[in-house]
Amino acid sequence: MSPATSGQFGPPKPTPASLGWVAILFFVFAQVYSVLTSPADAMMGHLQKMMYVHVPAAWVTFAAFAVVLMASVLYLWKDDERADLLAASSAEVGSLFCGLTLVLGMLWGRPTWGVWWSWDARLTSTLVLFLIFVGYLALRSFVEDPQRRGQWSAAVGILGAINVPIVWMSVRWWRTLHQIQSNPRGLSPEYLRGLLLNVAAFTLLVIWFIWRRYEAARYERAAEHAAQAAALGGNNG
């Protein structure tokens, strides 16, 4: 049994805080640049600029849940607790951005469609995705045994991530209210630059969030392992 399998791994090497500042400053720059350099859309006016947060938020949500899928499979395969902690960290951050995507979509939908919410295929499948991962996090809080918690949450994480392609294809399979995905080739260069810049900024920010949460989870588990070892040592003495 490897040290990680038995849960006997130590705390991680801390990541320099400067990387977080780089991610935040890049995010601020991307937002300011895209808002100031792109003109108002002929049909939607300045509301179009919500694309610079709504679309990147959705993309990084999918990326975060892809990490959950890969880490969950790795945990079930290798029984490495670090993979379970990475999956949980990514699920937390992914759920946050999935909720943000839903809220931004509602803010965009009210002036565009005239309603805050519609049981549209894209909106509904995204809500289902959000609820699955909220359930994933709730499940982890209720199960105390680390191995059982890892196995059960890995199963839910894999099933939840399978919903991502359904969300992506929902606008093509069911032609309802939400428009189909925008083709980058069809965007004007002034919009495309801002969109790609924000996708990169959101991605860097999410990587930073996931890694910091993963570090914190590693510290928590290392402290639990140390406490268990101390208790066993005391009992043996």
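**Reading rings and helices**

Reader: What lies over the face of Trp 77, and how far is it from the ring centre?

Author: Lys 78 lies over the face of Trp 77, and the distance to the ring centre is 4.4 Å. A charge sits over a ring if NZ of Lys or CZ of Arg is within 6 Å of the ring centre and within 35 degrees of the ring normal. The model is predicted, so local features need pLDDT of at least 70 and side-chain atom pairs count only at pLDDT 80 or more, while totals for chains, interfaces and linings use all residues. Residues are numbered from 1 along each chain as its sequence is written, and side-chain values use heavy atoms, with hydrogens and water left out.

Reader: How many helices and strands does the secondary structure of the chain come to?

Author: Helices (H or I, at least four residues) and strands (E, at least two) are DSSP runs, numbered from the N terminus. Here the chain has 6 helices and 0 strands, and along the sequence the pattern reads α-α-α-α-α-α. Taken along the principal axes, the C-alpha atoms fill a box of roughly 75 × 40 × 25 Å.

Reader: How many aromatic pairs does the structure hold?

Author: Rings of Phe, Tyr and Trp (its six-membered ring) pair if their centres lie within 6.5 Å; planes under 30 degrees apart count as stacked, over 60 as edge-to-face and the rest as tilted. The structure holds 11 aromatic pairs. One of them joins Phe 27 and Phe 202, whose ring centres are 5.2 Å apart and whose planes stand at 70°, so this pair is edge-to-face. The pair links distant parts of the chain, since Phe 27 belongs to helix α1 (residues 17-37) and Phe 202 to helix α6 (residues 189-236), 175 residues apart. Ring pairs also link Phe 27, Phe 97, Phe 202 and Phe 209 into a cluster.

Reader: Is Phe 202 buried or exposed?

Author: Buried means under 20% relative accessible area, exposed over 50%, and partly exposed in between (1.4 Å probe, protein chains only). Phe 202 has a relative accessible area of 3%, so Phe 202 is buried, whereas Phe 27, at 23%, counts as partly exposed. A further edge-to-face pair is formed by Trp 108 and Trp 113, with 5.4 Å from centre to centre and 90° between the planes. Trp 108, at 13%, is buried, while Trp 113, at 23%, is partly exposed. Over the whole chain of 237 residues, buried residues make up 41%.

Reader: At what angle do the axes of helix α2 and helix α5 cross?

Author: Two packed helices are described by the angle between their axes and the distance between the axes. Axes are lines fitted to C-alpha atoms, for helices over the stretch in contact, and angles run from 0 to 180 degrees between N-to-C directions. Helix α2 (residues 51-78) and helix α5 (residues 146-173) have axes that come within 8 Å and cross at roughly 140°. That makes α2 oblique to α5 (angles under 35 degrees count as roughly parallel, over 145 as roughly antiparallel, 65 to 115 as roughly perpendicular and the rest as oblique). The crossing of α2 past α5 is left-handed, meaning that the near helix is turned anticlockwise from the far one by less than a right angle, and a crossing is right-handed if clockwise. The residues that make the contact (heavy atoms within 4.5 Å) include Trp 59, Phe 62 and Phe 65 of α2 and Gly 150, Ala 154 and Gly 157 of α5.

Reader: Which residues in α3 meet which residues in α4?

Author: Among them are Ala 87, Ala 88 and Ala 91 in α3, and Leu 123, Phe 130 and Phe 133 in α4. The axes of α3 and helix α4 (residues 121-142) come within 9 Å and cross at roughly 150°, and α3 passes α4 in a left-handed crossing.

Reader: Where does Asp 79 lie?

Author: Asp 79 lies in the loop between α2 and α3 (81-113). This residue has a positive phi of about 55° although it is not a glycine, and Asp 79 is partly exposed, with a relative accessible area of 24%.

Reader: Which residues does Ser 153 touch, not counting residues up to four places away in sequence?

Author: Ser 153, which lies in helix α5, touches Asp 84, Tyr 136, Leu 139 and Arg 140 when residues up to four places away in sequence are not counted. Its relative accessibility is 0%, so Ser 153 counts as buried. Ser 90, in helix α3, also has 0% relative accessibility and counts as buried. Leaving aside its neighbours within four places in sequence, Ser 90 is in contact with Ala 64, Val 67, Val 68 and Ile 210.
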